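Dear colleague,

Please find the structure below, passed to you for your records and further reading. My account of what was found follows it.

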Amino acid sequence: MSVYRRSIWVFHLNTGSCNACDIEILDVLTPYHDVERFGIKLVASPRHADALLLTGPITKESLPKVIDALLAVPEPKLVIAIGSCTCGGGIWYDTYSTLGGLNELYRVLKEEYGIPEPPTVKVPGCPPRPEAIIYGVALALGIVKQKYSTTKVRVE
Amino acid sequence: MVDVVKTLYEVLGGKILRHEVIRDGVVIDVRPEDLVSVVKGITEGLGGIYTVVVGVDGRGIDNTYHSIYVFSLDELKTYVLIRVRLSPEDPKVESITPIVKGANWGEREVRDLLGIEVLGHPDPRTLILPDGWPSNTYPLRKDFSYCERPRLDNPGSNYVPQRSEEVVALPYGPYHPLLHEPEYFELHVKGETVVDVEYRGFHVHRGIEKLGESRLTYNQVPFVAERICGICGFVHNVCYCQAVENAAGIEVPERALYIRSLVLEVERIHSHLLWLGVACHVLGFDTGFMHAWRIREPVMYLAELLTGSRKTYGINLVGGVRRDVNRDSIEKVVKILKKVKEEYDHFVKSLTSVKEVVKRLEGSGILPKSEAISYGVVGPTARGSGLKRDVRVDHPYAAYKEASFRVPVYSECDNMSRLLVRVDEVYESISIIDQLIDKLPSGPIMAEDVEVPEFREGFSGVEAPRGEDVHYVITGRFSKVYRWKVRAPSYNNIPALKVMLHECPLSDAPLTIASIDPCFSCTDRLVVVDVLTGRKFRVDLRTLARRGKL
Amino acid sequence: MSRLSWIKKALEVGVVTRKYPFEHAEVPEGSRGLPEFDSSKCIGCSACANVCTPDAIRVVDDLNEGVRRVEYFVGRCIFCGRCAEVCPVSAIRITKEFELAYKDEVRFIIELKLVKCSNCGKPFTTTRHLNHVLGKVGEGLPELMTLCPDCRRKSTVNSFITPVGGTV
């Protein structure tokens with residue numbers, strides 16, 4: 001993602017998360033992990049942001065707000081999904097009041113709004129430790145390569 | 001327990017149809033028409049403080065609906081559960097909100113989610129279900145599937161802003177830079193003074209209770225319980241496990257109890273440090289924020305050392321804990337905590353010497369003692385209003401009987417006293433950990449033969465960093481839970497904000513809201529889909545999002 | 001205590017920032033990260049899938065290909081480590097790995113051959129699972145073990161019934 005050569009500013013959006021991911025995001029900003037050394041800064045409005053940090057499984061009631069916030073982020077935008085809830089729905093992947101993760105959100109965006117999927121990095125973990133979040137951002141910026149990929153083994 | 005039952009019969013006489021003593025409480029059955037007078041007897045005669053209302057779809061047990069009103073009798077160190085059984089066709093019950101203010105939300109929740117009609121409720125608006133939710137569809141009834149997603153007809157209706165010459169409605173949320181969770185407060189301001197507040201939360205509802213009652217087995221629920229809240233998750237985890245253990249009569253090995261207490265206190269330290277940091281941030285004092293979080297980081301390391309995860313520890317199961325602590329990690333705990341205490345000491349002294357901080361905190365967000373009792377507030381919010389309530393002392397659990405500690409109480413009733421309560425509690429927690437480590441017994445960490453019989457009731461309370469957290473469980477068949485009710489501390493504290501914010505300058509509002517350490521994800525676990533239904537107007541989701549975003 | 005004490009403290013503490021990602025992260029022993037699946041040990045018994053709270057591990061029988069698929073989806077895992085606890089053959093090991101961020105979905109899939117019922121021909125478990133159970137049972141009832149649960153039930157019932165006339 002060569003468009004992000006410089007500092008990225010992020011907007012944090014809780015879409016129904018339990019707070020664990022949110023406090024780890026705050027932790028990343030505090031002295032021990034201090035991501036401001038990379039120029040990463042938390043901003044108060046999606047209009048100022050380059051990237052959207054999403055936490056939580058996207059509850060139905062937060063859906064319209066998530067869409068609004070996502071649309072408010074100027075192009076080129078980046079989505080960083082923090083935590084297993086956002087990546088794959090987590091424990092609530094099939095409950096009545098959640099969407100069950102980011103893939104479902106992208107499906108809604110595509111079908112109902114005709115918006116293509118923005119470049120996305122997913123950081124699984126429950127919650128991901130601060131280092132894992134930094135790693136995810138580094139992956140988004142193209143500093144590191146994805147470490148794992150799908151493997152399929154057939155045995156007798 | 002005999003004394004408690006005797007006292008109850010003395011006060012209530014023949015109104016008790018039958019009673020049953022469970023661990024940590026007494027269940028009394030009363031006739032629906034006697035409910036109000038029984039509640040009066042409990043609150044006025046015995047000093048009972050409202051805890052929670054639980055609705056149960058008991059059609060699978062005895063073909064009735066149950067409505068259970070729980071009061072905490074702090075002096076007798078027990079809970080009393082008043083149960084009324086209601087007809088399966090047309091469940092109706094008299095409201096107790098006119099005499100117990102705190103029951104307002106609880107009763108509306110029971111009505112919205114179980115369809116139990118509450119008669120004579122002073123504020124009968126829908127609390128939980130959105131406009132357009134199909135009528136006669138109640139998510140917590142057993143005939144509603146957990147993965148059912150009913151279609152909402154016409155979600156949201158026309159937005160009519162409140163029009164008044166003097167009073168302006170000011171949105172605070174749902175996405176506000178100071179709230180790291182989506183919640184919506186509407187502050188009604190007159191000039192610079194807040195005259196009223198409307199709270200519309202419930203954005204973080206994930207269907208947890210229903211999930212725990214349907215897809216999961218009783219040993220999977222602790223992991224869900226932990227994810228009710230990411231800050232004080234272990235509290236829910238312990239509370240659920242205790243409730244099931246109480247129901248099934250399981251004796252947990254002593255070492256497991258010690259480990260639970262140990263981890264609970266580590267969690268309390270991290271949570272209070274986190275809150276202190278956030279409070280500084282809300283005050284615009286970011287130096288304090290950074291220092292508090294710097295001090296907190298070693299505590300997170302401790303948690304990971306003891307449990308294997310920085311947050312959502314996942315070490316509890318029904319009957320004990322999964323992970324033992326070893327000598328090495330205990331030595332590290334002692335060493336790190338000593339350092340944390342020194343740093344913390346310095347932090348607190350420096351913080352309270354900053355004049356601006358003190359001036360902002362003192363005298364703002366007043367919650368008088370009488371109101372605190374009426375709303376049934378819990379935790380530091382109650383202790384900051386001169387109420388000496390602490391589950392660790394009132395209803396001892398885990399290994400807290402083995403430790404001696406002080407319950408800090410301040411009676412100035414303002415934001416400062418709530419801050420000081422938390423400040424003191426960190427010292428107490430460190431001392432509790434030291435004491436427990438000294439006494440840590442050896443032995444197994446998991447009970448043998450964990451068997452959960454069906455249709456038993458269990459009730460348990462745990463003192464979370466934010467106050468009393470209670471769980472109510474009815475065990476079910478096939479290693480599942482029949483009913484699981486969670487009442488998080490913030491659920492009782494948030495309604496009291498109405499009192500705290502009254503006549504408070506607008507600039508103090510964020511601080512006052514933060515002063516109860518509201519945990520929205522805990523509170524919202526139950527609610528379905530939110531559409532703002534304010535007192536005088538309704539806002540649909542998109543309008544709400546737009547209004548609240550910037 | 002003056003306000004300068006904050007500055008003094010900051011100078012005293014110095015820099016606490018960790019250098020990660022430019023140095024190795026310090027993760028305490030016993031921290032729970034990515035579960036590692038040993039395909040040479042897995043018998044496809046689905047114990048892990050049964051305890052998995054978020055259903056990150058799923059076990060599905062693909063009858064067309066005649067395989068049982070044990071599928072682990074990292075994006076849903078809550079890293080509780082229950083799977084490793086219940087695995088009867090210790091095929092799952094909890095590592096300290098946390099650098100799991102991905103752009104393309106990561107799934108670890110193990111496919112195990114299904115064994116067919118010697119009577120009705122319906123696949124009912126994996127070869128490895130059957131061998132594992134046979135190893136545990138030892139000498140007893142090996143011919144019953146190659147039957148699917150339905151046929152086994154029928155066979156057991158039949159063995160108790162003495163035919164008088166006709167068939168059962």
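**The interface of chain C and chain B**

Between chain C and chain B, eleven residue pairs are in polar contact, both residues of each pair being at pLDDT 80 or more. Please bear in mind that this is a predicted model.

On the side of chain C that touches chain B, at least two residues come from each of α1 (4-13), α2 (47-51) and α3 (82-86) of chain C. The most is given by α1(C), with five residues. By residue class, this side of chain C comprises twelve nonpolar, nine charged and six polar residues.

In total, 27 residues of chain C are in contact with 35 residues of chain B. The two chains bury about 2400 Å² between them, and 53% of that area lies on carbon and sulfur atoms. Three salt bridges are found across the interface of chain C and chain B. B:E343 and C:K9 form a salt bridge in which the closest N and O atoms are 3.7 Å apart.

**Chain C as a whole**

Chain C contains six helices and six strands, arranged along the sequence as α-β-α-β-β-α-β-β-β-α-α-α. Its radius of gyration is 26 Å, well over the 15 Å that the globule rule gives for 168 residues, so chain C is more spread out than a compact globule. Along the principal axes, the C-alpha atoms of chain C fill a box of roughly 105 × 35 × 25 Å.

Of the 168 residues of chain C, 45% count as buried. Among contacts in chain C with a separation of 6 or more, 66% are between residues 24 or more positions apart.

With kind regards

Definitions and conventions
Residues are numbered from 1 along each chain as its sequence is written. Chains are lettered from A and ligands numbered from 1 in the order in which they are written. This is a predicted model: local features need pLDDT of at least 70, side-chain atom pairs count only at pLDDT 80 or more; totals for chains, interfaces and linings use all residues. Side-chain values use heavy atoms; hydrogens and water are left out. Contact means heavy atoms within 4.5 Å. Buried area is the accessible area (1.4 Å probe) that two parts lose on being put together, summed over both. A salt bridge is a side-chain nitrogen of Lys or Arg within 4 Å of a carboxyl oxygen of Asp or Glu. A polar contact is a pair of N or O atoms within 3.5 Å; within protein, one must be able to donate a hydrogen and the other to accept it, and residues adjacent in sequence count only if both atoms are side-chain atoms. Helices (H or I, at least four residues) and strands (E, at least two) are DSSP runs, numbered from the N terminus. Ala, Val, Leu, Ile, Met, Phe, Trp, Tyr, Cys and Pro count as nonpolar, Asp, Glu, Lys and Arg as charged, and the others, Gly among them, as polar. The radius of gyration is taken over C-alpha atoms; the globule rule is 2.2 Å times the number of residues to the power 0.38. Buried means under 20% relative accessible area, exposed over 50%, partly exposed in between (1.4 Å probe, protein chains only).
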